[in-house]
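Let's take a walk through a protein together. Have a look at the sequence and the model below, and then we'll go from the whole chain to its details.

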Amino acid sequence: MSPRAGSAGLKTLAFVESPVQLLNVLEWAHAQAPHTQEGPDAGLTLVVLSPIDPMTRGQLRRMSELARQEGHEVRWEEARGGAMAPFHTIGGLTGMLRRADRVVLGDPFSRYVQLLLTITKARDLVVVDDGTATMEFVAQLASGERLVRWHRKGGRPGPRDLIFAPVSSSARRRLTPGEKRRVEIFSSMPMAQTPAGVTVTANTFAWTRFRFGPPRITKGADMVGTSLVETGVVDGDSYLEAVRSLAKAHGATRYFAHRREGTEKLHRLAVETGLEIVRPDLPLELIARRGPIGRTILSFPSTVVHTLPLALSGTEVRVAVCDIDPAWLTESASPRAQGFLSGVTGTARDVHRLSAVTAV
């Protein structure tokens with residue numbers, strides 16, 4: 001157990017829906033602990049709003065075990081287990097929300113989280129990274145825009161968006177600092193602009209480095225998968241050809257699949273590229289830090305081009321990122337997709353930038 005575990009603060013309630021969010025809550029708690037004056041019994045209650053996807057659930061189970069080992073209380077909620085599940089979940093959490101002094105959340109775009117924010121009276125709100133979406137959240141908060149995920153921006157709001165609009169607007173107001181509300185963003189992502197009054201704290205992945213590694217480094221290259229095909233941004237055939245070209249050029253042998261990548265797509269990748277498909281049971285930052293890991297890690301624009309250099313700081317591992325060719329984008333991709341993805345790559349520190357490979 002970390003010697004600094006269990007001191008993230010009395011009545012601190014954290015909500016997570018993905019393994020990466022949970023990891024970053026642990027990083028926040030680790031960074032927060034030295035600055036608190038609470039006794040050893042002070043702690044963090046971590047609420048997992050469990051999704052349906054089996055891969056995500058499996059990683060969340062493993063991350064929950066790590067959280068308990070660090071001295072934190074974990075409450076698992078089957079938040080999507082049927083039509084009545086949201087009502088049971090919210091009803092069961094209402095008392096805790098109203099008593100909480102601080103609320104930590106991983107996805108301000110989540111409708112679930114936005115609804116929970118309308119209940120809490122906490123004066124201290126903390127947003128931890130949910131990948132590159134944090135960059136878009138900060139930009140939208142600074143400009144006063146409505147909260148919309150980057151790959152959906154530019155399209156017309158659907159009926160559900162319109163119905164939920166009052167809740168989303170309320171959540172945005174609560175995430176705006178004021179005289180009686182403190183807002184902190186704990187992030188490893190670059191911030192083009194900081195919203196007025198918001199405290200930004202750097203996530204250096206100190207807990208990950210403290211808890212794991214250093215890794216054994218192999219001579220070859222590993223590749224990191226992306227869910228850009230699943231989110232409708234990148235064409236599937238173009239992505240497969242790009243992966244094949246990139247793997248051949250750099251001698252990659254393993255492909256670490258994103259938890260949202262489909263089985264059929266991954267089978268096709270294995271057959272047509274010869275890559276060994278690895279389904280990680282933990283976030284890639286922890287997998288890489290534990291090792292073994294290739295001396296070169298190849299990635300397309302994604303969160304890991306920002307987080308892996310931090311998690312692997314002090315090692316000889318090189319992270320290389322390949323740009324997305326505009327020709328790979330689907331017709332339904334958001335008009336902002338290319339600019340956002342280029343920004344993800346261009347703002348990454350300590351990575352080697354590769355030109356987009358040709359996808360025939």
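Of the contacts in the protein chain with a separation of 6 or more, what percentage is accounted for by residues 24 or more positions apart? Such residues account for 72% of them, where contact means heavy atoms within 4.5 Å. Keep in mind that this is a predicted model, in which local features need pLDDT of at least 70, side-chain atom pairs count only at pLDDT 80 or more, and totals for chains, interfaces and linings use all residues. Residues are numbered from 1 along each chain as its sequence is written, and side-chain values use heavy atoms, with hydrogens and water left out.

Of the 360 residues, 54% are buried, meaning under 20% relative accessible area with a 1.4 Å probe, protein chains only.

Now step inside. The largest nonpolar core contains 39 residues; such a core is a set of buried Ala, Val, Leu, Ile, Met, Phe, Trp, Tyr and Cys residues joined through side-chain atoms within 4.5 Å. Helix 1, residues 19–32, gives the most to this core, with six residues. Leu 22 and Leu 46 have the most contacts inside the core. Not counting residues up to four places away in sequence, Leu 46 touches Leu 22, Val 25 and Ala 67, among others. A second, separate core has 31 residues, including Leu 13 and Val 127.

Definitions and conventions. Buried < 20%, exposed > 50% of the residue type's maximum accessible area, 1.4 Å probe, protein only. Helix = DSSP H or I, 4+ residues; strand = E, 2+ residues; numbered from the N terminus.
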